Amino acid sequence: ETGRLKAMSETIGPAKRSPTEFLKQVTGRPVVVKLNTGVDYRGVLACLDGYMNIAMEQTEEYVNGQLKNKYGDAFIRGNNVLYISTVSNKKR
């Protein structure tokens, strides 16, 4: 039984990461930042601070799933962020 539990924990291990670990892991990688308004920003997460203020590179703005703008660098104020998600390889 112990072996089975170990195998299960290895399978679900990434889900037990802390938010800080997740953000460190995705820094420098493509992400989707969804704002409270419903607008998505897709680009490379450059950095963020303790207030969730976000700096992104190669940023694209999507409204209702449609590309509206392309920005080089973008800065998003943390209180507007609903979530940050990784981008699957299929989308990029």
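This is a predicted model: local features need pLDDT of at least 70, side-chain atom pairs count only at pLDDT 80 or more; totals for chains, interfaces and linings use all residues.
Now show the secondary structure around R77. The residue sits in the loop that links β4 (66–76) with β5 (81–86). Is R77 buried or exposed? R77 has a relative accessible area of 58%, and the cut-off for exposed is over 50%, so R77 counts as exposed.

In sequence R77 and L35 are 42 residues apart, while their C-alpha atoms are 9.7 Å apart in space.

From here, go to the strands. Select β1 to β5: these five strands form an open sheet in the order β4-β3-β2-β1-β5, and the pairing is antiparallel. Which strands are at the edges? They are β4 and β5, each of which pairs on one side only. Going from one strand to the next, the twist averages 30 degrees. As a general point, strands of a sheet pair through backbone hydrogen bonds, in either a parallel or an antiparallel way.

Within the pair, pick V31, and opposite it in β2 is G43.

Last, select residues 19–26, helix α2. This helix packs on the sheet, where α2 touches β1, β2 and β5. The direction of α2 makes about 60 degrees with that of β5.

Methods
Residues are numbered from 1 along each chain as its sequence is written. Side-chain values use heavy atoms; hydrogens and water are left out. Helices (H or I, at least four residues) and strands (E, at least two) are DSSP runs, numbered from the N terminus. Buried means under 20% relative accessible area, exposed over 50%, partly exposed in between (1.4 Å probe, protein chains only). Two strands pair if DSSP finds at least two bridges between them. Axes are lines fitted to C-alpha atoms, for helices over the stretch in contact, and angles run from 0 to 180 degrees between N-to-C directions. Contact means heavy atoms within 4.5 Å.
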